[in-house]
Amino acid sequence: MNLVHRKLCSSALWAKAVAAEMPGNVAGFDLGDSVLEIGPGFGATTRALVGLVPKLTAIEIDEASAELLKREFDGRVRIVQGDGAALPFEDGEFSAVVCFTMLHHVPTTGLQDAIFAEAFRVLRPGGVLRAIDSLESLPFRLLHIGDTMNALDPVSIWPRLTGAGFGDIKVDHVPKRSIRFSARKPA
């Protein structure tokens, strides 16, 4: 992340906005008793989720960020330093997997697809994947100068999730703003 992006994502203003939106982001989804968050970054989404689910595990690829999260969430959230495209968890370990505003930081579509495949693998039968991300726009592109930015293509999400094994796929997007999607591992 570039300096401006880091400042924004680690700011109190961002955390406040995320906290306000999180209940609506998961409303209507039975996340079950054990949720995996992929890519918590600076922890704004984790802070917003921890009070909404019984048990939360978060996996963060950046070692320094994972260490900061471990200190902040000591005992309340299991923080694991690792790669969402190669999850170090058992098959069927989680009732839900969530990804919030992180998939655009994954450098290739192939690695994004690996994250979808790994999410499918670690979900229990009937488990849900819930994800939200920003779509490409000029302001979003400018925020990511010098960053990795691989924005999702809303048209390709359905076939990509189907390819990973998911069913009951729902995709909603606001052009040039955001994409929200969910999918379920067949029971």
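**Legends for views of a predicted model**

**View 1. The surface of the protein.** The protein exposes about 9,000 Å², and carbon and sulfur atoms supply 58% of that area. The model shown here and in the views that follow is a predicted one. Of its 187 residues, 48% count as buried, a term that here stands for a relative accessible area under 20%.

**View 2. The order of helices and strands.** Seven helices and seven strands make up the elements of the protein, and, read from the N terminus on, these elements follow one another as α-α-β-α-β-α-β-β-α-β-α-α-β-β. The protein is as compact as a globular protein of its length, because its radius of gyration of 15 Å is close to the 16 Å that the globule rule gives for 187 residues. Taken along the principal axes, the box that the C-alpha atoms fill is roughly 45 × 40 × 30 Å.

**View 3. Contacts along the chain.** When contacts between residues at least 6 apart in sequence are considered, 66% of them join residues that are at least 24 apart.

**View 4. The annotated segment, residues 36–129.** An unreviewed UniProt entry places the feature "domain: Methyltransferase type" at residues 36–129, an annotation that may be inferred rather than shown by experiment. Over this segment the chain is 32% helix and 28% strand, and the C-alpha atoms at the ends of residues 36–129 are 10 Å apart.

Conventions
Residues are numbered from 1 along each chain as its sequence is written. This is a predicted model: local features need pLDDT of at least 70, side-chain atom pairs count only at pLDDT 80 or more; totals for chains, interfaces and linings use all residues. Side-chain values use heavy atoms; hydrogens and water are left out. Helices (H or I, at least four residues) and strands (E, at least two) are DSSP runs, numbered from the N terminus. The radius of gyration is taken over C-alpha atoms; the globule rule is 2.2 Å times the number of residues to the power 0.38. Buried means under 20% relative accessible area, exposed over 50%, partly exposed in between (1.4 Å probe, protein chains only). Contact means heavy atoms within 4.5 Å. Accessible areas come from the Shrake-Rupley method with a 1.4 Å probe; for residues, only the protein chains shown count as cover.
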